[in-house]
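This report describes selected local features of one protein model. The sequence and structure are shown first, and the description follows.

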Amino acid sequence: MKKLFVSVAATALIGMASSAMAEECGTVTVAEMNWASAGAISQIDKIILENGYGCTVELVSGDTMPTFTSMNEKGEPDMAPELWINAVREPLDKAVAEGSLIIGGEILNEGGVEGFWVPTYIAEEHDIYTVKDALAHPELFPGAEDESKGAFFTCPAGWNCRITTGNLFRAFGFDKGGFELVDPGSAAGLDGALAKANERKEGWLGYYWAPTAILGKYDMTLLDFEVPHDKEEWDTCTVIEDCPEPKPNSWVKSEVFTVVTDDFANKAGPAMDYIKGRTWDNRTAGKVLAWMTDNQAANEDGAYYFLENFEDVWTQWVSPEVAEKVKAAL
């Protein structure tokens with residue numbers, strides 16, 4: 001009877017502790033952004049916050065500008081797990097200074113990356129690590145209509161990066177260096193060309209960005225532009241269609257952070273430590289996205305795949321006690 005009493009009492013205490021934690025954290029609204037990496041991390045947050053910290057998580061549809069505007073003006077949703085803050089830098093800085101919004105952890109610790117890429121096997125075999133290195137070897141990059149030239153794959157029509165890539169193609173001298181700018185026709189065409197080259201172990205050179213599913217599937221090397229980002233040149237020429245005299249320039253890294261409201265930060269308790277500490281690199285995110293693409297998986301499926309297969313990553317984000325709770329839930 002004594003053992004039974006102790007067991008019942010212990011169970012009651014655990015229940016009270018869980019209830020207190022849930023009451024402290026309460027209901028949390030989390031923006032599930034409409035691109036894959038952000039969608040996956042929002043589902044990861046839901047699983048960890050609910051099972052590890054006793055929160056009740058409600059996911060709401062989101063996108064960069066509408067979500068930020070709503071958080072800034074209405075204080076909802078409580079959290080944007082993956083906000084590309086370059087697009088909202090000035091109003092975000094103002095909101096942070098006023099204390100209405102709080103910047104959490106840098107969820108993509110390498111940031112959002114754009115640039116010119118080559119397959120890593122080409123980079124290693126031929127020592128191609130900079131834009132100038134690639135420019136010196138058009139023979140390594142087949143695919144142009146003129147077989148005497150190297151192929152440089154640009155963005156499909158309608159994408160802003162098509163203008164930028166075209167200007168940088170000329171700025172670095174590819175147009176006079178034996179290269180032809182190749183239009184892939186569509187996003188699927190761009191992906192198809194990159195995938196085909198990798199499957200055949202052929203050369204490929206062109207624009208892409210990370211984190212993405214295809215760069216999670218294929219090992220690609222980002223070329224060094226060897227020039228800093230020149231904002232004035234960028235704004236007045238690099239992004240202007242048919243700029244007459246473009247100069248060498250480089251993309252600036254897109255900073256990607258979690259942003260929460262002050263209301264959430266005040267009530268979250270230990271969960272706020274998790275929000276500040278969790279982060280993953282583009283390669284890890286890309287592997288999850290590649291699995292999701294190959295399996296036609298939803299964001300929630302991707303979250304479970306990550307938690308089950310990348311335990312060494314996410315257990316660094318939480319305490320051992322929280323990690324055990326999440327593992328038990330899985």
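T221 is found in strand β9 (residues 220-222), where strands (E, at least two residues) and helices (H or I, at least four) are DSSP runs numbered from the N terminus. The model is predicted, so that local features need pLDDT of at least 70 and side-chain atom pairs pLDDT 80 or more, while totals for chains, interfaces and linings use all residues. Residues are numbered from 1 along each chain as its sequence is written, and side-chain values use heavy atoms, without hydrogens and water.

T221 counts as buried because its relative accessibility is 14%, buried meaning under 20% relative accessible area (1.4 Å probe, protein chains only). The side chain of T221 makes a polar contact with that of T120 at 2.9 Å; such a contact is a pair of N or O atoms within 3.5 Å, one able to donate a hydrogen and the other to accept it.

The table lists contacts (heavy atoms within 4.5 Å), leaving aside neighbours within four places in sequence.

| Residue | In contact with |
|---|---|
| T221 | F116, W117, V118, P119, T120, A123, Y129 |
| W280 | S37, I41, I44, I107, L108, N109, A285, V288, F306, W317 |

W280 is also among the residues that touch the most other members of the largest nonpolar core, which has 41 residues. A nonpolar core is a set of buried Ala, Val, Leu, Ile, Met, Phe, Trp, Tyr and Cys residues joined through side-chain atoms within 4.5 Å. Helix α2 gives the most to this core, with seven residues.

How values were computed: Buried means under 20% relative accessible area, exposed over 50%, partly exposed in between (1.4 Å probe, protein chains only).
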